[in-house]
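Biologist: I'd like to learn how to read a structure like this. Can we go through it together?

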Amino acid sequence: MSKPETRSVVVEREFSFPPEKLWRALTQPHLIAEWLMKNDFVPVVGHRFKLSGDWGGMLDCEVLTVEPNKVLSYTWNFAHADAAYNLESVVTFTLTPTHAGTLLRVEQVGFRPEQKQAYGGANAGWRQFLAKLEQLLAQTD
């Protein structure tokens with residue numbers, strides 16, 4: 001049985017900050033809470049954690065990849081009775097130094113064709129999250 005084809009959301013944004021500064025915002029729970037969601041994240045492969053959204057939803061996550069200042073990935077699963085929202089996905093953050101700072105690439109894979117709302121929501125959501133991340137970085141040392 002072949003897996004159904006899935007779609008990915010990819011959002012890229014350049015920040016005028018070094019990778020180390022972005023990495024802190026991606027991996028320190030109090031900072032993650034500022035731009036993404038409340039969490040009990042630890043940057044250790046195999047660590048299971050939850051992200052709790054303001055909308056009352058809870059995401060089940062597990063850390064898959066930790067390459068400091070370069071790559072971070074974790075599962076982003078949302079259990080839901082409605083198949084259109086029952087999501088099993090993986091989010092990968094890739095940091096690439098640029099002459100002006102850091103290019104952050106966020107890729108979320110695993111959207112099934114019928115999950116149009118979830119796909120659209122992620123596409124818009126990541127843009128909002130990254131706008132908040134930029135504000136946070138501008139305010140922190």
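Modeller: Start with serine 73, which sits in strand S5 (residues 71-78); strands are DSSP runs of E, at least two residues, and helices are runs of H or I, at least four, both numbered from the N terminus. This is a predicted model, where local features need pLDDT of at least 70 and side-chain atom pairs 80 or more, while totals for chains, interfaces and linings use all residues. Residues are numbered from 1 along each chain as its sequence is written, and side-chain values use heavy atoms, leaving out hydrogens and water.

Biologist: Is serine 73 buried or exposed?

Modeller: Buried means under 20% relative accessible area, exposed over 50%, partly exposed in between (1.4 Å probe, protein chains only). Serine 73 has 5% relative accessibility, so it counts as buried.

Biologist: Which side chain makes a polar contact with the side chain of serine 73?

Modeller: A polar contact is a pair of N or O atoms within 3.5 Å; within protein, one must be able to donate a hydrogen and the other to accept it, and residues adjacent in sequence count only if both atoms are side-chain atoms. Here the partner is threonine 65, at 2.9 Å.

Biologist: How do I read two packed helices?

Modeller: Packed helices are described by the angle between their axes and the distance between the axes. Axes are lines fitted to C-alpha atoms, for helices over the stretch in contact, and angles run from 0 to 180 degrees between N-to-C directions. Helix H1 (residues 19-27) packs with helix H3 (residues 116-139) at about 115°, their axes 11 Å apart. Lys21, Leu22 and Ala25 of H1 make the contact (heavy atoms within 4.5 Å) with Leu133, Leu136 and Leu137 of H3.
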